[in-house]
Amino acid sequence: MELRSLGPGAADVTCVGFGGMPLSTSGRPDEADSVRVLHAALDAGMTLIDTANVYCMDDRDIGHNERLIARALREWSGDADGIVVATKGGMTRPAGRWERDARPESLEAACEASLAALGVEAIDLYQLHAPDPRVPLEDSVGALADLRTAGKIRAVGLSNVSVDEIQRASAIVPITSVQNRLSPFFREAIDGGVVGHTAAEGMGFLAYSPVGGGRLNRKLPDHPVVASIARDRGVSPHAVVLAWVMGLSPNVLVIPGARTIPHALDSIAAADLDLTPSETEAIEGAEFSVA
Ligand SMILES: NC(=O)c1ccc[n+]([C@@H]2O[C@H](COP(=O)([O-])OP(=O)(O)OC[C@H]3O[C@@H](n4cnc5c(N)ncnc54)[C@H](OP(=O)(O)O)[C@@H]3O)[C@@H](O)[C@H]2O)c1
């Protein structure tokens, strides 16, 4: 599978990574099935897993996805040292809600808990999940810089950020990657310049919810343009969309979620799909309703 740079200070990884969230949030499979899905993706050659401490049901369940990934890597027959695990801190799940808490002391405690949940001495890539409006960005990023200096994290990433926020964070610590939403349904990362900025700065861009997320991805088989390209090429509508997202810029990696082995393997197959310029333009010009 094609490798792409995750960004300065990180290893190259497969252009299709695994988004861990659906294995730990509402509707999650049982743990043994989840481990089988992760093993199938790893056996197929995927070398990047994206997770977060808050991929869980609520605050009593923090770290569920990280513990699951740690178990899957422990029980995997391959070389787990070659797998990059990217996690995040800066959010909480009170009563199942998603709330931000990127105070320095919270990030420090969350990082310690993630180290324990993942069972590692240092986290490959630690991402600020989202800026916290109650905390100056510089304070949150300063905490990540301190964690890096202490050797607890190897590289710093940002998520849900603007170009201005990337620039402010970069003045404090080298930023390896940025993770924002990007799919044909939601193109603000292109329109707002974040993909272009990260490409110019040599950072990786991790496209989250790349097939539209848990609800919108189900509309893809009925989308006239996507379905027609999928039929012509003999691939799934999801693979067409993933190939389109990866084609937007050489620094874009996708991290689709999957709760089944066929879905995980289908997404990995998208790495081998090159869309023609006319297929790319057709998707570019098509309407993708989020209703
Ligand atoms: N940084 C952030 O704030 C943030 C926010 C959201 C997500 N993320 C990250 O991005 C990852 C992906 O986002 P997401 O899970 O929201 O959305 P997504 O990857 O766009 O869609 C997820 C759902 O689409 C289905 N799917 C994916 N690939 C498929 C395929 N090839 N064929 C058929 N169905 C397919 C899966 O259904 P099944 O479950 O039925 O397999 C999966 O649950 C997350 O897991 C997480 O790691 C980050």
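Here are some friendly notes on the aromatic contacts in this predicted model.

1. A word on conventions. Residues are numbered from 1 along each chain as its sequence is written, and side-chain values use heavy atoms, with hydrogens and water left out. As the model is predicted, local features need pLDDT of at least 70 and side-chain atom pairs count only at pLDDT 80 or more, while totals for chains, interfaces and linings use all residues.

2. Searching the whole structure gives two aromatic pairs (ring centres of Phe, Tyr or the six-membered ring of Trp within 6.5 Å; planes under 30 degrees apart are stacked, over 60 edge-to-face, the rest tilted). Tyr55 and Trp98 make an edge-to-face pair, with 6.4 Å between centres and 70 degrees between planes. This pair links distant parts of the chain, 43 residues apart: Tyr55 is in the loop between strand 4 (48-50) and helix 2 (64-75), and Trp98 in the loop between strand 6 (91-92) and strand 7 (99-100). Helices (H or I, at least four residues) and strands (E, at least two) are DSSP runs numbered from the N terminus.

3. Tyr55 counts as buried because its relative accessibility is 7%, whereas Trp98, at 41%, counts as partly exposed (buried is under 20% relative accessible area, exposed over 50%, partly exposed in between; 1.4 Å probe, protein chains only).

4. Phe185 and Phe288 also pair edge-to-face, at 5.4 Å centre to centre and 80 degrees between planes. Phe185 lies in the loop between strand 10 (175-181) and helix 6 (188-191), and Phe288 in the segment after helix 12 (277-285), 103 residues apart. Both Phe185 and Phe288 are buried.

5. Do look at Arg93, which lies over the face of Trp98, 3.7 Å from the ring centre (NZ of Lys or CZ of Arg within 6 Å of the ring centre and within 35 degrees of the ring normal). The charged end of Arg181 sits over the Phe186 ring, 3.6 Å from its centre.
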